[in-house]
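Please look at the sequence and the 3D structure below. Then read on for a short tour.

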Amino acid sequence: MFLVAGGTGNHIHCCTAVPGSGNAGILVPFTTFTPGLTSGTFSNTFDLLALLGASGESSLIAGLNGGTAYVNVHSSTFPGGEIRGFVGLGTPEPGTIWLGFSALAGLAVLRRRK
């Protein structure tokens, strides 16, 4: 991740009305984010039950699975968010699709041998 200016915060928003678009309230703030950085990586493990409680945890999981949750990274130049990306809306990579097809072909060959 590279920011134009120093980061001021980041968090997960959930859940938008339409997958892949819209705005939602902050659900999970990243409290271990180091302000002022312009590049680097972020890795953390969250105890969702402690952060959100059972109902918030289930809504976040539903949002992640449904593509209605997104991560927003704010900077001093873009206080509304410099980097924003929805989580869980990815399409399979071409290699993954071909791997699935080859597995099915292998099963078909095995079945035909019997």
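Strand β3 is largely enclosed by the rest of the structure, because 6 of its 7 residues are buried. Buried means under 20% relative accessible area; exposed means over 50%; partly exposed is in between, with a 1.4 Å probe and protein chains only. Strands (E, at least two residues) and helices (H or I, at least four residues) are DSSP runs, numbered from the N terminus.

This is a predicted model, in which local features need pLDDT of at least 70, side-chain atom pairs count only at pLDDT 80 or more, and totals for chains, interfaces and linings use all residues. Residues are numbered from 1 along each chain as its sequence is written, and side-chain values use heavy atoms, leaving out hydrogens and water.

**The chain and its strands**

The protein chain holds 2 helices and 4 strands. From the N terminus on, the order is β-β-α-β-β-α. Of the 114 residues in the protein chain, 24% are buried.

Which strands does β3 pair with? Two strands pair if DSSP finds at least two bridges between them. Strand β1 (residues 7-14) is joined to β3 by 7 bridges, and the two run antiparallel. In this pairing, H13 stands opposite Y70 in β3. Strand β4 is joined to β3 by 5 bridges, again antiparallel. Here V73 stands opposite I83 in β4.

The loop between β3 and β4 holds P79. P79 counts as exposed, because its relative accessibility is 59%. P79 and T8 are 71 residues apart in sequence, yet their C-alpha atoms are 7.7 Å apart in space.

**Around Y70**

Now take the rings. Rings of Phe, Tyr and Trp (its six-membered ring) pair if their centres lie within 6.5 Å; planes under 30 degrees apart count as stacked, over 60 as edge-to-face and the rest as tilted. By this rule there is 1 aromatic pair. Y70 and F86 form this tilted pair, with 5.0 Å from centre to centre and 50° between the planes. The pair links distant parts of the chain: Y70 is in strand β3 (residues 69-75) and F86 is in strand β4 (residues 83-87), 16 residues apart.

Is Y70 buried or exposed? Y70 is buried, because its relative accessible area is 2%. F86 is partly exposed, because its relative accessibility is 23%.

Y70 has another neighbour to note. A charge sits over a ring if NZ of Lys or CZ of Arg is within 6 Å of the ring centre and within 35 degrees of the ring normal. R84 lies over the face of Y70, 3.8 Å from the ring centre. R84 is in strand β4. R84 counts as partly exposed, because its relative accessibility is 39%. Along the chain, R84 and Y70 are 14 residues apart, while 6.8 Å separates their C-alpha atoms.

**The disulfide**

A disulfide is a covalent bond between the sulfur atoms of two cysteines. Here the rule is a pair of cysteine sulfur atoms within 2.5 Å. The structure holds 1 disulfide. C14 and C15 form it, with their sulfur atoms 1.9 Å apart. The torsion about the S-S bond of C14 and C15 is about 55°, so the disulfide is right-handed.

The peptide bond from C14 to C15 is cis, with omega near -5°. Most peptide bonds are trans. C14 is buried, because its relative accessible area is 12%. C15 is in the loop between β1 and β2 (26-29). C15 is partly exposed, because its relative accessibility is 35%.

**The kinked helix**

What is the end-to-end span of helix α1? Helix α1 (residues 48-66) has 19 residues, but its end C-alpha atoms are only 18 Å apart. A straight helix would reach 27 Å at 1.5 Å a residue. This expected span is 1.5 Å times one less than the number of residues.

There is also a kink of about 95° in α1, centred on A54. The bend at a residue is the angle between axes fitted to the seven residues ending there and the seven starting there. The buried residues of α1 are L52, G56, L60 and G63. An α-helix has 3.6 residues a turn, so residues three or four places apart point the same way.

**Distances across the chain**

F46 is in the loop between β2 and α1. F46 counts as partly exposed, because its relative accessibility is 27%.

| C-alpha pair | Apart in sequence | Apart in space |
|---|---|---|
| P79 and T8 | 71 residues | 7.7 Å |
| F46 and V28 | 18 residues | 9.1 Å |
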